[in-house]
Amino acid sequence: MKLKNKDYPLYKTLPEVHNLKELVTFRADESGDEVALSFNNESDQKVSKTFAQVAKEVNSLGTWLYTQGYQPKDGKLYHIAVLGDNSYAWLIAFLAITNGGNVAVPIDKDLADHEVMRIINKADVDAIFIADDKKDLVKDFKQEKVYLLSQLATFKQEGLDSIHAGNKSYYEAEMVDENPTIIIFTSGTSGQSKGAVLTNRNIGAELTLTVQNFKPEGSTVAVLPFHHAFGLIVGIFMVYYYGFETFINKNLRTISKALVNEKPNTMFLVPLFVEAFHKQIWRAADKQKATAKLKAAMTLSNSMLKTGIDMREKFFESVLTPFGRNLKWIICGGAALDPFYVKEFRSWGIEILNGYGMTECSPVVSVNRNLYRKDGTIGRGIPGADFKTADDEELLVRGPFLMQGYYKDPELTAEAIDEEGWYHTGDLGYVDEEGFIHLTGRKKNLIILSTGENISPEELEENLQRDPAVCECLVYEQDKKIVAEVFPEEDYRGNQEYFDKLIKKLNHPRPPYKHITAVFLRDEEFPKNSTHKILRKNYGK
């Protein structure tokens, strides 16, 4: 069948939810016996939890929290942090906090102890759920308010006993639309993180609106960090809303095994993963001396697709097998993705749908749709999202998903959200005549030359990143010149001659003001934030 790519009605098959409590309750009622979340235990045996079991455990732990004095009263909402690796226990703790009307504060497990304590103090944290191996990060916090995630079974049983004794306080907790439910700290690339306050209304709107744009057809494997909005709200709760199973992957070392065993239909990734998977595919082809064969198969397959014949599953079995042979959709966000990767993965039978968002917007504001997409764009806005371009070409957005503000930071909030309710994204872009959104660069990253020319470093980095010798790269201004810094793939490390020639080749078709004047090689990866974005603040000028 010939692939279609045209506008079509939104998906409107799910009832509206106003908060995470309604989400958990809806799925327990609708799909109680179906698997919601799964993971491998310490013995590497798979454990599956149904939607009904998740609801029961959330209510049990939430009731226990109430018996410990964390029941909202007289306007007081308790701020409770969650800190640790991605895990089922992490999610149960998080939901037990939010679904009782309190405020969850997810914290990056890889932060230094002083930064963890800065966030704890900034967010007025009252208590902490933490993984055993991370408890030293909060040694300066009142220890009687530190609860180990490994003890959740005991806490849940105590809560269940209280429920059986007639305690219905947690079940009956009122969820107020405008009350905060999450303070999630942005992992900025150019400065100190800020605590975005997301309300019940924000989360409910984000879930209800975004699911109308995209629809998966099966399970997923969660690999992005839960302390980040994309990994948690989209990668977990949105899939939960759809009613599909999510396998919680432990860490980066187990991704390959998880993909083969779990055979996901959909994955939510940032560009770093897409680029890494792409290089693995071509590296494997090169190792098997099958590069030319793969290229020829792609050319033939793409020609056949234009006539309505789809042979990708048969032609690219070796490419699809490491992904479980069932992967159809990758939702990619968190940073710009070169459309080159979209086209290559499409040739193999995997559609990458690029989207866009930020923590402050809960997070998704646009995404390409299953059957309506435009390469090189971040899709069309989700229902309820309004966009406009400012005089300086900055992209502005507003909608019911927009945060309440930065916690205890009215000045930064006023800088980010103007009086008319427009959020200033910091990205440069525009909306085309078909409603697709194009990004052209990052406002803060613009290189402004003495000639008055404005250069977007992302454009130059995109070209560099395509070369198989480049693992990571960054383009910035140094001494009024454009330079590149590269962390090469292993076989090319220290090969200055290769990269000098590469820069010369890439410069050739560009106007002189876009020429990279020098390339510096690194011996180690660039420092990154928790969403694998390179920290730009240390480079340039």
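**Stop one: a bridge and its sheet**

Select Asp427 and look across into S20, where its bridge partner is Arg442. Helices (H or I, at least four residues) and strands (E, at least two) are DSSP runs, numbered from the N terminus. Before moving on: this is a predicted model, in which local features need pLDDT of at least 70 and side-chain atom pairs count only at pLDDT 80 or more, while totals for chains, interfaces and linings use all residues. Residues are numbered from 1 along each chain as its sequence is written, and side-chain values use heavy atoms, with hydrogens and water left out.

Now colour strand S19 (residues 423-431) along with S20: the two pair in the antiparallel sense over 5 bridges (two strands pair if DSSP finds at least two bridges between them).

**Stop two: H9 and the helices it packs on**

Next, show helix H9 (residues 271-287) with helix H13 (residues 339-348): they pack at an angle of about 55°, their axes 11 Å apart. Axes here are lines fitted to C-alpha atoms, for helices over the stretch in contact, and angles run from 0 to 180 degrees between N-to-C directions. That angle makes H9 oblique to H13 (under 35 degrees counts as roughly parallel, over 145 as roughly antiparallel, 65 to 115 as roughly perpendicular and the rest as oblique). For side chains, pick Val274, Glu275, Phe277, His278, Ile281 and Trp282 in H9, which meet Phe340, Tyr341, Glu344, Phe345 and Trp348 in H13; contact means heavy atoms within 4.5 Å.

Ile281, Trp282, Ala285 and Asp286 of H9 make the contact with Thr291, Leu294, Lys295 and Met298 of H10.

**Stop three: a mixed sheet with a helix across it**

Last, pick the open sheet of 3 strands, S23-S24-S25, whose pairing is mixed. Strand S24 (residues 481-488) runs parallel to S25, joined by 4 bridges. Which residue in S25 is the bridge partner of Glu485? Phe520 is that partner. Finish with helix H15 (residues 457-465), which lies across S23 and S24 and runs at about 150° to S23.
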